[in-house]
Amino acid sequence: MARPYNFSAGPAMLPDSVLIRARDEMLDWHGSGMCVAEMSHRGKEYMSIAAAAEADLRALLAIPDNYKVLFLQGGASSQFAMVPMNLLRDGQDAAYIKTGSWSKKAIQEAKRYCTVAVTEGGIEGRFTSVPAQVDLLLGDDASYVHYTPNETIEGVEFPYVPDTGDIPLVADMSSTILSRPIDVSRFGLIYAGAQKNVGPAGLTIVIVREDLIGQPMEGTPTMFDYKIHADNESMYNTPPTYAWYLAGLVFQWLRELGGLEQMGVINERKAKLLYGAIDASGFYANPVRPDCRSWMTVPFTLANPELDASFLAEAKGAGLLTLKGHRSVGGMRASIYNAMPEAGVQALVDFMAEFERKYG
Ligand SMILES: *Cc1c(COP(=O)(O)O)cnc(C)c1O
């Protein structure tokens with residue numbers, strides 16, 4: 001049975017082959033007689049699943065040995081607090097780059113803990129580009145610089161990695177992690193909720209340079225201390241076992257596909273195809289400056305918003321699901337994460353052309 005293409009921003013679609021494998025292993029994982037969801041996280045079967053997932057993630061991103069990889073709960077939103085709680089140093093502040101809705105939320109949370117120097121990357125309702133390196137306010141006194149490489153809602157992606165010198169760079173990569181190769185050594189800390197590009201909701205990945213952890217601010221809850229999780233290999237308490245396992249299957253799928261180099265080539269092609277169709281038409285529009293357009297989350301509007309409901313209904317009929325834009329920006333949004341095949345983007349582009357012929 002051919003499944004429809006799901007353009008949901010998150011939780012998002014997963015590769016068919018991963019779901020089929022999970023189905024095949026559902027009742028009896030490798031002769032254990034157990035579903036992975038039924039296993040003790042401290043049993044040898046589950047420990048092997050967890051270790052393999054970490055090893056595959058380390059291989060995919062070429063994560064250096066002096067970085068810890070943590071498999072946590074709480075979503076990226078908990079990281080908005082965990083980052084300042086663990087990375088702020090006495091008497092210091094933090095610098096944030098504001099490029100859209102998610103960085104705005106991260107800033108609001110950080111302000112509970114420190115003074116925040118903000119580089120404004122746009123104004124409310126008009127986040128359509130990112131600031132240039134020369135315009136970044138890094139301060140002399142920042143414990144870290146935080147940014148959001150891909151703003152999921154506005155579809156704005158940094159075309160460069162900010163240079164912050166000796167100040168640790170922190171990135172919320174929830175909607176872009178694993179979409180292309182990155183140089184992890186440029187970052188002090190990377191975090192990502194899994195439900196966009198990694199696996200099911202409930203898992204949050206943190207990649208952190210070892211020397212940055214172990215100095216949480218006074219009063220930090222045990223569960224919010226990175227060092228506790230690092231020292232216990234993410235098993236201080238019960239981790240999100242099934243989500244971790246499914247993420248591991250996604251990592252294997254990526255490695256079999258040729259790794260992030262190959263994934264990046266495919267993602268760039270997908271993005272070019274969709275933006276090309278939008279730009280070639282007077283009927284569809286995307287407001288983002290071309291060099292800052294996201295490869296993963298593509299918002300677009302119709303010339304006549306009164307057609308939005310018909311567009312969504314007919315798209316659904318054509319097997320193209322969840323294209324409604326975020327409530328804050330309206331219009332449409334096509335999330336074309338790793339698991340979205342090129343054929344899915346082609347089907348969307350074909351549908352858009354047909355819809356324009358009918359109503360344009
Ligand atoms: C989805 C998203 C979040 C929020 O993630 P949760 O896991 O729901 O807390 C934060 N930042 C970015 C960039 C996102 O895309």
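Start at the largest pocket, whose lining divides into five nonpolar, eight polar and seven charged residues. The model on the screen is a predicted one.

**Stop 1: the largest pocket**

Select Ser-101, Trp-102, Ile-153, His-326 and Ser-328. Of the 20 residues that line the largest pocket, these are the closest to its centre. The space inside this pocket is about 330 Å³.

Next, colour helix H4, residues 101–110. Helix H4 provides four residues, the largest share of the lining of the largest pocket. Now colour the two domains: domain 1 covers 7–16 + 258–359, and domain 2 covers 18–256. Each of them contributes at least three residues to the lining of the largest pocket.

**Stop 2: the ligand**

Show the ligand together with Ser-77, Thr-152, Asp-172, Gln-195 and Lys-196. The ligand is surrounded by 13 residues, and these five are the closest. What classes do the residues of this shell fall into? Three are nonpolar, eight are polar and two are charged.

Colour helix H3, residues 75–87, next. With four residues, helix H3 gives the most to the shell around the ligand.

- In the side chain of Thr-152, an N or O atom is 2.4 Å from an oxygen atom of the ligand.
- In the side chain of Gln-195, an N or O atom is 3.0 Å from an oxygen atom of the ligand.
- For Ala-76, pick the backbone: one of its N or O atoms lies 3.1 Å from an oxygen atom of the ligand.

How much of the ligand does the protein bury? Taken alone, the ligand exposes 390 Å², and the protein buries 87% of that.

**Stop 3: the second largest pocket**

Select Glu-54, Asn-232, Glu-233, Ser-234 and Trp-244. The lining of the second largest pocket has 17 residues, and these five lie nearest its centre. About 280 Å³ of space lies in this pocket.

Colour helix H2 (44–61), strand E2 (67–72) and helix H5 (226–231). Each of these elements supplies at least two residues of the lining of the second largest pocket. Which element gives the largest share? H2 does, with five residues. By class, the lining of the second largest pocket has nine nonpolar, three polar and five charged residues.

**Stop 4**

The largest cavity holds about 70 Å³ of space. Its lining consists of ten nonpolar, three polar and one charged residues.

Keep the domain colours on. Why does the largest cavity lie between domain 1 and domain 2? The largest cavity lies between them because both domain 1 (7–16 + 258–359) and domain 2 (18–256) give residues to its lining.

For the second largest cavity, select Asn-6, Ser-8, Ala-12, Met-13, Ser-335, Tyr-337, Ala-339 and Met-340, which line it. About 30 Å³ of space lies in this cavity. Five of the lining residues are nonpolar, three are polar and none is charged.

Conventions: Residues numbered from 1 in each chain as written. Predicted model: local features only at pLDDT ≥ 70, side-chain atom pairs only at ≥ 80, totals over all residues. Heavy atoms only, no water. Near = heavy atom within 4 Å. Polar contact = N/O pair within 3.5 Å; in protein donor to acceptor, adjacent residues only side chain to side chain. Areas by Shrake-Rupley, 256 points an atom, 1.4 Å probe, with all protein chains shown as cover. Nonpolar A, V, L, I, M, F, W, Y, C, P; charged D, E, K, R; others polar. 1 Å grid on protein atoms, 1.4 Å probe; cavity = no way out; pocket = protein on both sides within 12 Å on 5 of 7 lines; lining within 4 Å. Points joined across faces, edges and corners; volume = space filled by probe spheres on them. Domains from an automatic or database assignment.
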